Amino acid sequence: MTGALEARLTAAATVAAASDEDPDARPARRVVLVGPMGAGKTTVGRALAALTGLPFVDSDELFAQVHGPIPEFFAEHGEAAFRAEEARVIGHVLGRPAPCVLSCGGGAVLHPGTRRALAGPDSDVVYLAVGEAEALRRVGGGAGRPVLAGDPAGTWRRILAEREGLYRQVADLVLDTTGLTAAEAAWRIVGDAHRPRRSESHP
Ligand SMILES: Nc1ncnc2c1ncn2[C@@H]1O[C@H](COP(=O)(O)OP(=O)(O)O)[C@@H](O)[C@H]1O
Ligand SMILES: O=C(O)C1=C[C@@H](OP(=O)(O)O)[C@@H](O)[C@H](O)C1
Ligand SMILES: [Mg+2]
């Protein structure tokens, strides 16, 4: 699967006239990043979009454009309302034929309709995994992430245990970002073989 994903991403970045006959030669419609809070979905998604030339969409940013800041929405309407609206926002993006890199909020996979949509042939789904200690370093005290309020470490661990099976279920590729910079993670997704190296003769 990794090979096919790399081939389609490379095609997305470089092939203008793709064949309709060969599905692997066709540019990817969408690359979708899923995974827990602090995996780097937003940051790696941005880097991946820059690398491939695909437009970047973050479901949380789109949500906030429509509904305002997530913490305020949680406080006023609760998590169930957030999940319903999050699924609508993601459904809007997945329902359009436009190619893009879509970074999802960490809980997006909880919605069965979102999981069904991700199983379709138009999305290459990458599960960005991360070790607990590094994720907690990245999210700090959990500011801006209301589900972590109170006990960020314990809640992060419990949530991952609840969701890990769903991340794996929807994923075409799993990438552990622990110890990688966001740029390195983006290159891993595209395929390290394509990464430009500093020439030894031209330092
Ligand atoms: N690979 C990485 N290495 C180091 N820091 C990272 C990496 N990916 C993300 N970060 C940092 O961690 C924080 C959370 O990243 P973010 O992209 O918002 O994660 P997510 O969207 O998965 O919750 C940000 O401050 C970001 O700059
Ligand atoms: O995992 C979750 O339940 C959430 C993750 C957040 O997105 P990130 O995973 O991008 O931090 C955001 O959607 C919201 O705070 C809830
Ligand atoms: Mg994010």
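Predicted model: local features only at pLDDT ≥ 70, side-chain atom pairs only at ≥ 80, totals over all residues.

Contact here means that heavy atoms lie within 4.5 Å. By that criterion, and leaving aside neighbours within four places in sequence, Gly 106 is in contact with Gly 35, Lys 41, Arg 163 and Tyr 167.

**Overall build**
- The chain has 9 helices and 5 strands, and from the N terminus on these elements follow the order α-β-α-β-α-α-α-β-α-β-α-α-β-α.
- Of the 203 residues in the chain, 43% count as buried.
- Among contacts in the chain with a separation of 6 or more, 70% are accounted for by residues 24 or more positions apart.

**The largest pocket**
- The volume of the largest pocket is about 540 Å³, and its lining is made up of 33 residues, of which Met 37, Gly 38, Lys 41, Asp 60 and Arg 145 lie nearest the centre.
- Two or more lining residues come from each of helix H2 (41-52), helix H3 (59-67), helix H4 (70-77), helix H5 (79-94), helix H7 (132-139) and helix H9 (182-190), with H2 giving the largest share, 4 residues.
- By residue type, the lining of the largest pocket divides into 14 nonpolar, 10 polar and 9 charged residues.

- An unreviewed UniProt entry lists Gly 38, Ala 39, Gly 40, Lys 41, Thr 42, Thr 43 and Arg 145 under "binding site", and the lining of the largest pocket includes Gly 38, Ala 39, Gly 40, Lys 41, Thr 42, Thr 43 and Arg 145.
- Gly 38 is located in the loop between strand S1 (30-34) and H2, and it counts as buried because its relative accessibility is 8%, under the cut-off of 20%.
- Apart from neighbours within four places in sequence, the residues in contact with Gly 38 are Val 130, Ala 135, Arg 138, Val 139 and Arg 145.
- Thr 42 belongs to helix H2, and its relative accessible area of 28% makes it partly exposed.
- When residues up to four places away in sequence are not counted, Thr 42 touches Phe 56, Asp 58, Glu 61 and Ser 103.

- Asp 60 sits in helix H3 and, with a relative accessibility of 24%, counts as partly exposed.
- Setting aside its neighbours within four places in sequence, Asp 60 has contacts with Ile 70, Phe 82, Glu 86 and Gly 105.

**Aromatic residues**
- The model contains 4 aromatic pairs, where a pair requires ring centres within 6.5 Å.
- One aromatic cluster is formed by Phe 63, Phe 73, Phe 74 and Phe 82, and of these residues Phe 82 is also in contact with Asp 60.

Technical notes
Residues numbered from 1 in each chain as written. Chains lettered and ligands numbered in written order. Heavy atoms only, no water. Phe/Tyr/Trp six-rings, centres within 6.5 Å; stacked < 30°, edge-to-face > 60°. 1 Å grid on protein atoms, 1.4 Å probe; cavity = no way out; pocket = protein on both sides within 12 Å on 5 of 7 lines; lining within 4 Å. Points joined across faces, edges and corners; volume = space filled by probe spheres on them. Nonpolar A, V, L, I, M, F, W, Y, C, P; charged D, E, K, R; others polar. UniProt positions renumbered as here; feature names shortened; annotations may be inferred. Buried < 20%, exposed > 50% of the residue type's maximum accessible area, 1.4 Å probe, protein only.
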